[in-house]
Amino acid sequence: MATFDATTRTNLWSPVRIAAFAVGAVFLLVGVLGFIPGITTGYDTMDWAGHHSEAMLLGVFQVSILHNIVHLAFGAAGLLASRTANAAVGFLIGGGVIYLALWLYGLIVDQASSANFVPVNTADNWLHFGLGVGMVVLGFALPRLTEGRRHTGLLN
């Protein structure tokens with residue numbers, strides 16, 4: 001996976017690629033954990049989608065089969081995007097914007113309505129906000145950090 005330049009012995013994994021890989025790996029883990037009874041409480045009440053699912057990842061975050069599949073797909077996208085710096089930036093910023101939109105959606109939608117098809121609860125909403133802000137910040141800051149280190153000779 002990692003590219004290695006034998007002449008300079010420099011691992012070419014940039015901070016932004018590492019961040020996209022890490023975020024993707026965490027999403028994959030969360031997607032898998034959402035399907036494990038015990039880690040997900042109320043597992044027997046999990047629905048395909050919708051607010052009727054009473055399954056709670058870690059007893060806090062409302063999940064459904066669709067919600068878990070989205071986490072798995074988002075995780076796979078992060079791992080694939082980590083293959084290049086440009087794709088990693090796109091994943092972090094684009095994914096962050098998606099999570100900020102999901103946060104707004106969660107604030108606006110009535111949690112007891114059929115419009116809450118994801119489903120989301122208050123804990124999900126604030127997690128989505130934190131993820132969105134964090135991903136956007138990483139997507140903008142890490143390439144600049146790398147460039148600054150290149151110009152000062154700290155990174156080959």
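Trainee: What percentage of the contacts in the protein chain with a separation of 6 or more comes from residues 24 or more positions apart?
Mentor: Such residues account for 55% of those contacts, where a contact means heavy atoms within 4.5 Å. Please note that this is a predicted model, in which local features need pLDDT of at least 70, side-chain atom pairs count only at pLDDT 80 or more, and totals for chains, interfaces and linings use all residues. Residues are numbered from 1 along each chain as its sequence is written, and side-chain values use heavy atoms, with hydrogens and water left out.

Trainee: What is the mean pLDDT of the protein chain?
Mentor: The mean is 88, and 86% of the residues reach 70 or more; pLDDT is the predictor's confidence in each residue, from 0 to 100. Over residues 4-10, however, pLDDT stays under 50, and it also stays under 50 over residues 151-156.

Trainee: How many helices and strands does the protein chain have?
Mentor: There are four helices and five strands. Both are DSSP runs, numbered from the N terminus: helices are H or I with at least four residues, strands are E with at least two. Their order from the N terminus is β-β-α-β-β-β-α-α-α.

Trainee: What span does helix H2 reach, and what span is expected?
Mentor: Helix H2, residues 65-81, has 17 residues and reaches 24 Å from its first C-alpha to its last, close to the expected 24 Å. The expected span is 1.5 Å times one less than the number of residues. Helix H3, residues 85-108, has 24 residues and reaches 34 Å, close to the 34 Å expected.

Trainee: Which residues of H2 are called buried?
Mentor: They are His67, Asn68, His71, Phe74, Gly75, Gly78 and Ala81. Buried means under 20% relative accessible area, exposed over 50%, and partly exposed in between, with a 1.4 Å probe and protein chains only.

Trainee: What puts these residues on the same side of H2?
Mentor: They cover an arc of only 150° around the axis, which puts them on the same side of H2. The arc is that of the directions from the helix axis to the C-beta atoms.

Trainee: What is the strand order of the open sheet?
Mentor: The order is S3-S4-S5, with antiparallel pairing. Strands S3 (40-41) and S5 (61-62) stand at the edges, each with a single partner strand, so one side of each is left without a neighbour in the sheet.

Trainee: How many bridges join S4 to S5?
Mentor: Two bridges join strand S4, residues 56-57, to S5.

How values were computed
Two strands pair if DSSP finds at least two bridges between them.
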